[in-house]
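Hello,

Here is the structure I said I would pass on. My notes follow it.

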Amino acid sequence: MPSKNPLILLFIGLCSLILQPIQAQISYFPPLTGNDWAMQSFQNFPYDTDYTDSLHAYLEAKGSKAFLVLHDGKIVDEKYFGTFTQDSFWYWASAGKSLTSFLMGQAVDQGLIRVDDKVSDHVGMAWTSCTPEQENKILVKHLLSLSTGLNGQVPDGDCTDPSCFQYKGDAGTLWYYHNATYYMNHEV
């Protein structure tokens, strides 16, 4: 039975594309400026196009705002629903945590980072208002698991200023759903 959450469907689809064996070809990357992004047809994509209309109808019925399929870096399917357009903004919230964790897993797998690295090794010291001893106990795995030991009950949960990262307990001992500490994964 398919998932009822369109974001989960999209995430599963993206993961399946990313995890496919890489073929010996040059990957396409869109230009850094402008809005031109190469496209390719479904005929070049391993997907049964007989289901495209029903997939779009399902996504729209579930309240999806947008759907995008990339293959080899090129757009295969791009669909927007309701008043949402490619220029619309959407707060992605927890789905961003899933994608960030996935990408961090890829970086770990490729030996680019270790989950047992101190965060300060990557972003420098004094990224928190903790003592150096407290800060050095915060590892990448604590960012990923929301267990940094930093106080998550701050006025602005998205603030990444050191003054917003206050010691509450040792890393690994407290869990807080604290967006700002998770955003630090982007800095690492």
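A contact here means heavy atoms within 4.5 Å. On that definition, residues 24 or more positions apart make up 55% of the chain's contacts with a separation of 6 or more.

Please keep in mind that this is a predicted model, where local features need pLDDT of at least 70 and side-chain atom pairs count only at pLDDT 80 or more, while totals for chains, interfaces and linings use all residues. Residues are numbered from 1 along each chain as its sequence is written, and side-chain values use heavy atoms, with hydrogens and water left out.

Confidence

The score is pLDDT, the predictor's confidence in each residue, from 0 to 100. The chain's average pLDDT is 81, and 83% of the residues reach at least 70. By element, the mean is lowest in helix 1 (residues 6–19), at 44, and highest in helix 5 (residues 132–136), at 96. The pLDDT stays below 50 over residues 1–24, a stretch that has 27 contacts in the model beyond near neighbours in sequence.

Fold and surface

Helices (H or I, at least four residues) and strands (E, at least two) are DSSP runs, numbered from the N terminus. There are seven helices and two strands in the chain, and their order from the N terminus is α-α-β-β-α-α-α-α-α.

For accessibility, buried means under 20% relative accessible area, exposed over 50%, and partly exposed in between (1.4 Å probe, protein chains only). The chain has 188 residues, of which 32% count as buried.

Salt bridges

A salt bridge is counted when a side-chain nitrogen of Lys or Arg lies within 4 Å of a carboxyl oxygen of Asp or Glu.

- Arg114 and Asp117 pair through their side chains at 3.0 Å, N to O. Arg114 is exposed, at 51% relative accessibility, whereas Asp117 is buried, at 13%.
- Lys118 and Asp121 form another, with 3.9 Å between the closest N and O atoms. Lys118 is partly exposed at 30% relative accessible area, and Asp121 is exposed at 52%.
- Lys137 and Asp170 meet at 3.8 Å, N to O. Lys137 sits in the loop between helix 5 and helix 6 (140–144) and Asp170 in the loop between helix 6 and helix 7 (179–187), so this pair ties together parts 33 residues apart in sequence. Lys137 is partly exposed, with a relative accessible area of 44%, and Asp170 is partly exposed too, with 31%.

Regards
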